Amino acid sequence: MQSPLVKDLSERYAELKRRRSVWDDQFDEIQRFVRPNVPTFRGRELTKGKRRHDEVFDGTAPWALEQFAAGLSSYLTSSTDRWFTLGFEGIPSTELPFELIRYLEQVSDIIYHVYALSDSSHAPALHETYLDIGGFGAGVLYQKRGKDVPIQFRSFPLSDCFIDENADGLIDVCFRRLQMTTRQLIQAWPKSANDEKVSKAKDHEIWEVVHANFPRVDREPKSLGPRGKKFASIYFCETLDEVLEDGGSDQFLYHIPRWTKMSGEIYGRSPIMTVIPDIKMVNQMSKEVIYSAQLANRPPMVFEDDSMLYPVKSITPGSIMYRQQGSEMPQPLLSGMQPQFAYELLSERREQIRRALYIDFLLRPKKNERQTTVEIMDDRSEMLRQMAPMLGRLQVELLNPMVERSFIILSDLGLLPEPPAVAAEFDNIPLEIAYISPAAKAQFGTKVAAMQQYIQDVAALAQFDPTAVQTLEVPELLGEMAKLRDVSPKVLKDPRRLKEMQEEQKQQEAMAQAAQAAPAMSGAIKDIAQARQADPTLVQDALGG
């Protein structure tokens, strides 16, 4: 008799597979022509090690997808520059105590350092996720505590994952299938070796194991075990009718971002889906162009009947053909094709594919005329600003939960520094993630430009009216520009210390002025004293009394 838990999980798994089945034909088509190196979705099991590009005759779409993923990696989650910082929700960083700002910067640096560790696999896993987002409209990134490093990341094929979303439209259910050999199964779960089916199986026999991660509706908050966790994390095998591992987690273990999503749908839609007809057309046309080029270079030969001495050898350099004396010379059969028209149409379709994947935004086109550094930066910022709407969903569904989970893991492991005493004042305010990637900075570029233009206007007016400069609060202005320019607080002075220095400077200036005025005041007092001795009445009249 089937276990009640396995029966329930198997039914949920079957329902999720049924829901995704309407997408599988479309996903499989994209896999064939754009992402041939990932597992298939249905009906075409490929032998491991087999060539996957036999159906691809034009590399425009795979190349464009690679550039798309590389562009997102560079401008959204760079592996060389930190692309986020922490703050408090609803509170500008300029209003936070300076020691708290430095603490948040330190925490941000620690999280980024963990991401930069090679064993964390953060960069390659994100790159694979971006490839799936651009190709299939959704990617699956798995984040967990590591053994050798605090955090590890893995990207799983969308073909192996079946998802569902909650009432807020966010994905919080994932059933992922794993293909494991008997040897791998026993290594991962030694108790499975006690099962009769496993004990009799050969080492290379394949078993399907499913990892189910979903919110617990029967949660027991007071429990210290898996039942007390918000999410269930269960590995089960339908063939064995056995739960291999019943665990839990306080956060959803998968990050599943989508490029765009239509109302009522769960799976995302990708830029590739927009141009898949063009991709198929270009692929077929490239195949025909290759075929016609072969016909043009090596056309069929026309021989007069019984004019040749057989066998007729292929037309190769140095080959010899014999014909009957007096017979007509062989003539090539020309098809009359005009491939230049096909080339023009191919160029148009290829450009359409590149535009769909934002290659013009991510790869700045070279210009013949000379440009200044400022002009180049303005061009890049303008391109990235046009991508802002598409990147917003990635921040909500991928980057926010990834950084939040990283903070929780590192905090639980005791790898984060103790917060300063002033942090207690903000205990009830949730942390907020601010993005400082090139793509995010591009959104603030217009604000900095407006400030710089205003400063130039004030400087011009100050030549006629020096009081124009007094309209500026220079320390606040510089602080705001430093924030927009992502200047590290490590190189800035504490605003409170800056005010103390300004007060000290004013006191020193006042003392210097008093010292300069002291000789003149002493002389005046001396003159008054001498005049009083000479004529007391005169001095009293001069003083008004």
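# Briefing: Rings, Strands and Cavities in a Predicted Model

Both Trp23 and Phe27 are buried. The structure described here is a predicted model. Trp23 and Phe27 belong, together with Phe41, Phe136 and Tyr267, to one aromatic cluster. The points below begin with the aromatic rings and then turn to the strands, the loops and the cavities.

**Aromatic pairs**

- The count of aromatic pairs in the structure comes to 23.
- The ring centres of Trp23 and Phe27 are 5.7 Å apart and their planes meet at 20°; planes under 30 degrees apart count as stacked, so this pair is stacked.
- Trp23 and Phe27 both lie in helix H1, which covers residues 4-33, and because they are four residues apart there, about one helical turn separates them.
- Phe41 and Phe136 make another aromatic pair, with 5.1 Å from centre to centre and 65° between the planes, and this pair is edge-to-face.
- The pair of Phe41 and Phe136 links distant parts of the chain, since the two residues are 95 residues apart.
- Phe41 belongs to the loop between H1 and helix H2 (60-75), whereas Phe136 belongs to helix H4 (residues 122-136).
- Phe41 and Phe136 are both buried.

**Arg176 and two rings**

- The charged end of Arg176 sits over the ring of Tyr142, at 5.7 Å from the ring centre.
- Arg176 also lies over the face of Phe156, where the distance to the ring centre is 3.7 Å.

**Strands E4 and E5**

- Strand E4 spans residues 161-165, and four of its five residues are buried, so the strand is largely enclosed by the rest of the structure.
- E4 pairs with strand E5 (residues 171-181) in the antiparallel sense, over five bridges.
- The hairpin of E4 and E5 has five residues between the strands, and in this hairpin Gly169 takes a positive phi near 80°.

**The sheet E3-E2-E9**

- Three strands, in the order E3-E2-E9, form an open sheet with antiparallel pairing.
- Strands E3 (151-156) and E9 (254-255) stand at the edges of this sheet; each has a single partner strand, so one side of each is left without a neighbour in the sheet.
- Strand E2 (residues 140-145) runs antiparallel to E3 and is joined to it by six bridges.
- Within this pairing, Gln152 in E3 is the bridge partner of Lys144.

**Strands E7 and E8**

- Strand E7 (residues 231-237) and strand E8 (residues 242-249) are antiparallel and pair over seven bridges.
- Ser233 has Gly247 of E8 standing opposite.
- The hairpin of E7 and E8 has four residues between the strands.
- Asp241 lies in the loop between E7 and E8, and its phi is near 50°, a positive value in a residue other than glycine.
- Asp241 has a relative accessible area of 25%, and is therefore partly exposed.

**Ser121 in its loop**

- Ser121 is found in the loop between helix H3 (98-116) and H4.
- Ser121 is not a glycine, yet it has a positive phi of about 60°.
- The relative accessibility of Ser121 is 26%, so Ser121 counts as partly exposed.

**Cavities**

- The structure contains two cavities of 30 Å³ or more.
- The volume of the largest cavity is about 50 Å³.
- The residues that line the largest cavity are Phe33, Val56, Asp58, Thr60, Ala61, Ile279, Val282, Asn283 and Ile353.
- H2 and helix H8 (276-297) each contribute at least two residues to this lining.
- With three residues, H8 gives the most to the lining of the largest cavity.
- Six of the lining residues are nonpolar, two are polar and one is charged.

Methods:
Residues are numbered from 1 along each chain as its sequence is written. This is a predicted model: local features need pLDDT of at least 70, side-chain atom pairs count only at pLDDT 80 or more; totals for chains, interfaces and linings use all residues. Side-chain values use heavy atoms; hydrogens and water are left out. Rings of Phe, Tyr and Trp (its six-membered ring) pair if their centres lie within 6.5 Å; planes under 30 degrees apart count as stacked, over 60 as edge-to-face and the rest as tilted. Buried means under 20% relative accessible area, exposed over 50%, partly exposed in between (1.4 Å probe, protein chains only). A charge sits over a ring if NZ of Lys or CZ of Arg is within 6 Å of the ring centre and within 35 degrees of the ring normal. On a 1 Å grid over the protein atoms alone, a cavity is a set of points where a 1.4 Å probe fits but cannot get out, and a pocket is an open set with protein on both sides within 12 Å along at least five of seven lines; lining residues have an atom within 4 Å of a point. Grid points are joined across faces, edges and corners, and a volume is the space filled by probe spheres set on the points. Ala, Val, Leu, Ile, Met, Phe, Trp, Tyr, Cys and Pro count as nonpolar, Asp, Glu, Lys and Arg as charged, and the others, Gly among them, as polar. Two strands pair if DSSP finds at least two bridges between them.
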